[in-house]
Amino acid sequence: AEFVDTKLYCADAVQEYGRGVSSRGWRAIVGESYSRCSRDLAVLGSVFDTVQVSASSTSPTLDATDRYPFFARTVPSDTGLLHAITRYVVQHGWRRVGVLHSDGPYGQNMASWLEALLAAEHVSTLGSPYTFGDPSSIDDAVSRLAGGGGASPPRIIVAVVNSLELEDIADMAVAKGLLGPGRQWIFSDGSQFAHGQVMRNGAAYDGSVAIYAAGPRANNSRWYALRAEWPGYAWADFAAQISVPGGSGDVAADAAWDFATPLGIYAAFGYDAMASLALGLCATGGDTAGPALYPAVKAQRFVGASGEVAFDAAGTRDVSTAPFVLDNVRYDSATGAMAVAATGSFDGDADAWVLDAFGP
C-alpha cells in the first residue's frame, strides 16, 4: 500500500491518481475525503477500471452508478443521515419543522432532500436559507423562522450550519425567542460542540441535539479493542503527524479532541474501507479489475471498526448498518465550554432510535 496526502486539493488528487495508475501500479484506492474530489477520481476510475472506496465522501450524487461504476463508501450518504433525522422527528410525533441552512450547494441540497423526506411523512417544513459569512443574512433567516411563515414559529428546528456561525445564530435566535426553553434544535454535525470551545450565548444551545454518523461511537467493542491494541498507538503522536481539519495548530489541544471529533469519527470508516477492499481482493483471488473487484467489495458484510458493514446496490454503506448516533449538547456554566453527551443510537433494522441505550 502507498499513502499519499493530497491535502484535500482535488487537482492534486487527480494528479497523484494519474501518476499512481500510470507509473506506480495502483489498481484500487481508498479515498478521497471530500465528495467533490471523490467524484473526480470516480470518473477516472470508470475509465481505468479502478475500484475506489471512500471513508468520508457523503454526497448522494456519488450513488450514480452509471457515472461512477466502481465507487463505494463505508460512510453513509447524506440522504442516509437525513433519513435518520426524519425518523427522529417522526418518532417524537412532531408535525412541523423549521430548517435553517446556508444557501450554498451543500446547504440547499441538504434542505431540499430533508424537506422531501419529511413531506413524505406528512411533516410540514419552513425553510430559511442564509448566506455564509453574512450576519445580516443570518438575521433575516432567523427572523423568517421566528415569523413562522404566517403561522406560529416552529418549535423544532433542523440546523445545517457552519460551526463558525453558531455564536451569531445563537445571539439572533435568542433575541427573537427562537432558541431556548420550549425549542428543540437538531444539528446535522456532531463535531460542532465537541471541541470544548467557549461560546458566547452557548447556554442557549444546552439541550439541543446533534445527529451524525460516528464509527467509533456506535457501542462497538471492536473499535475499542483496536484502539487499545494498536501497536505503539499514542493519540498525541498520531495527531502530531497529521493536519487536523479545523484544529488549533496546537498538538496538545488537537489531541484533546480525541474520538469525539471528525478525525476519530472517520478513522473507523477508514479502517473499514481498507478492510472491505482487502476482503474483496480475497474473494476475487487477487483480481483487481473493476468489473470483478467492485461486485466482490459490495458483497462484503462484516463487523468492522465502525460496527457491522454492508453495502447497498450503489456501493454506499447500507442504512441498516449505518452507525448514526445522537448527542445531547451540554453547556458548562462554570467554564462556559460546550460539550456533548451520547444519548442515543439508530437501530437500522428497526428503523428507529434507541435513546439512552449506548456508550463506550
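# Exercises on a predicted model

Ser137 is buried, at 13% relative accessible area (buried is under 20%, exposed over 50%, partly exposed in between; 1.4 Å probe, protein chains only). This is a predicted model, where local features need pLDDT of at least 70 and side-chain atom pairs count only at pLDDT 80 or more, while totals for chains, interfaces and linings use all residues. Residues are numbered from 1 along each chain as its sequence is written, and side-chain values use heavy atoms, with hydrogens and water left out.

## Exercise 1

**Solution.** Start with the element. Ser137 lies in helix 5, residues 135-147 (helices are DSSP runs of H or I, at least four residues; strands are runs of E, at least two; both are numbered from the N terminus).

## Exercise 2

Describe the open sheet of three strands and the helices that lie across its strands.

**Solution.** Take the order first. It is 1-2-3, with parallel pairing (two strands pair if DSSP finds at least two bridges between them). Now look at the edges. Strand 1 and strand 3 (71-73) each have a single partner strand, so one side of each has no neighbour in the sheet. The twist averages 15 degrees from one strand to the next.

Then check one pair. Strand 1 and strand 2 (residues 51-54) are joined by three bridges. Ile29 has Gln52 in strand 2 as its bridge partner.

Helix 2 (residues 35-48) lies across strands 1, 2 and 3, at about 165 degrees to strand 2. (Axes are lines fitted to C-alpha atoms, for helices over the stretch in contact; angles run from 0 to 180 degrees between N-to-C directions.)

## Exercise 3

Trace the salt bridges of Arg200 to Glu167 and Asp171.

**Solution.** Begin with Glu167. Its closest N and O atoms with Arg200 are 3.3 Å apart (a salt bridge is a side-chain nitrogen of Lys or Arg within 4 Å of a carboxyl oxygen of Asp or Glu). Arg200 sits in the loop between strand 7 (184-187) and strand 8 (209-213), and Glu167 in helix 6 (residues 166-175), so the pair ties together parts 33 residues apart in sequence.

Move to Asp171. Here the closest N and O atoms are 2.7 Å apart. Asp171 is in helix 6 too, so this pair ties together parts 29 residues apart in sequence.

Now widen the view. Glu167, Asp168, Asp171 and Arg200 are linked in a network of salt bridges. Arg200 is partly exposed, at 41% relative accessible area.

Technical notes: Contact = heavy atoms within 4.5 Å.
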